[in-house]
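Here are my notes on this one, in the order I'd go through them. Have a look at the model first, then read on.

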Amino acid sequence: MAHQQVHQRKGHVQNRDSQHHPLSAYLWVWFALFVLSVLSYLVDYSNLEGYPKWGLITLLMLLKAGLIMAFFMHMAWERLAIICAVLIPPGALLFFMLLMAIEGQYVLTTRLQNVLP
Amino acid sequence: MAYSAPSGAPLEPGLRGMVDDFSSDQRAFKDVSWGKVMMWAFILSDIFIFACFLIGYMQVRITSTAPWPIGSEVFALEVAGAHIPLLLIAIMTFVLISSSGTMALAVKYGYERNRRVTALLLLATALLGGTFVGMQVFEWSKLIEEGVRPWGNPWGAAQFGATFFLITGFHGTHVSIGVLCLFIMAVKVARGSLETGSPGFLTGRRGRYEMVELLGLYWHFVDLVWVFIFAFFYLW
C-alpha cells in the first residue's frame, strides 16, 4: 500500500517535472511576441515623445519579458518557492536603478552649473 | 527527480506550499531538479551582470552634457534608396523571437520523445541564432566604418560607442555560446544519446531530455536580455 502510494507520487512528480503543455499555448505566446514586437517598432515609427513614448516602450518590454518568462521558461507552471527565489532578488536592481538615476540627475546639474554662466 | 516526503503527504500548492518548502529539510525546491535550480541560479547572476551594464548605460546617458546620438537615425539602413530606421534591428528582433519559439517547441517535442523533430528544431534554433550573430557582425562593421569607437563617434556623446560595444558585444557572446551548445545538443538528440542516457564527452553526465529544457532556459534568457536591450538601447 505504502509502496504503491510512493509509486503513484513518483509518477505524478515526473509528470509535473517534465513540463507537458499543449502546442497551442506555445504558438499563442509566439504569436503574441511577434505582435508586441511590431507594436514596439511602431512606437519608434510614430512621432511620440517623452513620457508616452517611454511608457509604451517599457510596457511592451515588460509584457514581452513576462510572456517569455511565464510560458517559454515555464515559470507559470513552477512552484511558488522557485518563482520567488528568481523574481524577488532582481527587485534590488530596481532600487539600484532608482539610486543611480537620482545620482545621475545630481551629476548632470553639477556639470551644467560649471558650463552655463 | 522524484521527490518523496517521508510522510508521503502531497505537496501543498500556493503560498502555504512555499512556506512549507522553505521550512522543510534538505531541499527547498520540490519538484525542481538540481540542474534546473542551478540553471536558474546562473541566469539570476547573469541578470545582475546585464542589469549593471544597463544601469551604467543609463547613468552615462543621464549625466552626459553632450547630446546622445539618436538611435533611429544611427541604426537606419538605406534600402533601394529609401531610408528605413531600425530596419536591421527589427529583423534581428524577429529572428531571435523566432528562435525562441523553435526552442520552446524543441523542449516540448523532446519530452514527447520525438527525436527527429526535436533535433530539427534545435538545428533551426541554432541557425536562427547564427543568423542573428551574423547580422550583428554586419551592424558592428557598418558602425565602425562610420567612425564609431569606444571613445567617440561623429554624432554626440562619446560614451555611446563604449556602452554600445560593451552591451551588444556581451549579448552577442551569449548568443554565440548558445549557438555552439545548440549544435552540440542537436547532435546528441539526433544520435539518441538522451534516450539511451549515454554519458557526455565533457562532463560524463548521463543524457536526459531535461538537458534540452535547461538549454532552452538559457536560450530564452538570451532572448529576454535582447528584449531589454532593444527597448533601452535602440528605442529609448
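1. A cut-off to start with: a residue counts as buried if 20 or more other C-beta atoms lie within 10 Å of its own, as exposed if 12 or fewer do, and as partly exposed in between. Bear in mind too that this is a predicted model.

2. Now try that on Trp155(B). Its C-beta has 16 other C-beta atoms within 10 Å, so Trp155(B) comes out as partly exposed. You'll find Trp155(B) in the loop between helix 5 (115–145) and helix 6 of chain B.

3. Who does that tryptophan meet? Leaving out residues up to four places away in sequence, Trp155(B) touches Pro69(B) and Val74(B). Trp68(B) sits 87 residues from Trp155(B) in sequence, yet their C-alpha atoms are 7.8 Å apart.

4. Stepping back to chain B as a whole: there are eight helices and two strands, and along the sequence they run α-α-α-β-β-α-α-α-α-α. The C-alpha trace spans about 70 × 40 × 30 Å along its principal axes. Of the 236 residues in chain B, 34% are buried. If you take the contacts in chain B between residues at least 6 apart in sequence, 66% of them join residues at least 24 apart.

5. On annotation, the unreviewed UniProt entry puts "domain: Heme-copper oxidase subunit III family profile" at residues 36–236 of chain B. In the model that span is 75% helix and 3% strand, with its end C-alpha atoms 34 Å apart.

6. Helix 2 of chain B (residues 34–63) gets a quick geometry check. At 1.5 Å a residue, its 30 residues should span 44 Å, and the end C-alpha atoms are 43 Å apart, so the two agree. Lys36(B), Met39(B), Trp40(B), Leu54(B) and Tyr57(B) are buried in this helix. What do the buried residues of helix 2 of chain B pack against? Within chain B they pack against helix 6 (159–190) and helix 8 (210–235), and from chain A they meet helix 4 (80–87).

7. That brings us to the contact between the chains, which takes 53 residues from chain A and 51 residues from chain B. On the chain A side, helix 1 (2–17), helix 2 (23–45), helix 3 (50–72), helix 4 and helix 5 (91–115) each supply at least two residues. Helix 5 of chain A gives the largest share of that side, twelve residues. By type, the chain A residues that touch chain B divide into 33 nonpolar, eleven polar and nine charged.

Notes. Residues numbered from 1 in each chain as written. Chains lettered and ligands numbered in written order. Predicted model: local features only at pLDDT ≥ 70, side-chain atom pairs only at ≥ 80, totals over all residues. UniProt positions renumbered as here; feature names shortened; annotations may be inferred. Helix = DSSP H or I, 4+ residues; strand = E, 2+ residues; numbered from the N terminus. Expected span 1.5 Å × (residues − 1). Contact = placed C-beta atoms within 7 Å. Nonpolar A, V, L, I, M, F, W, Y, C, P; charged D, E, K, R; others polar.
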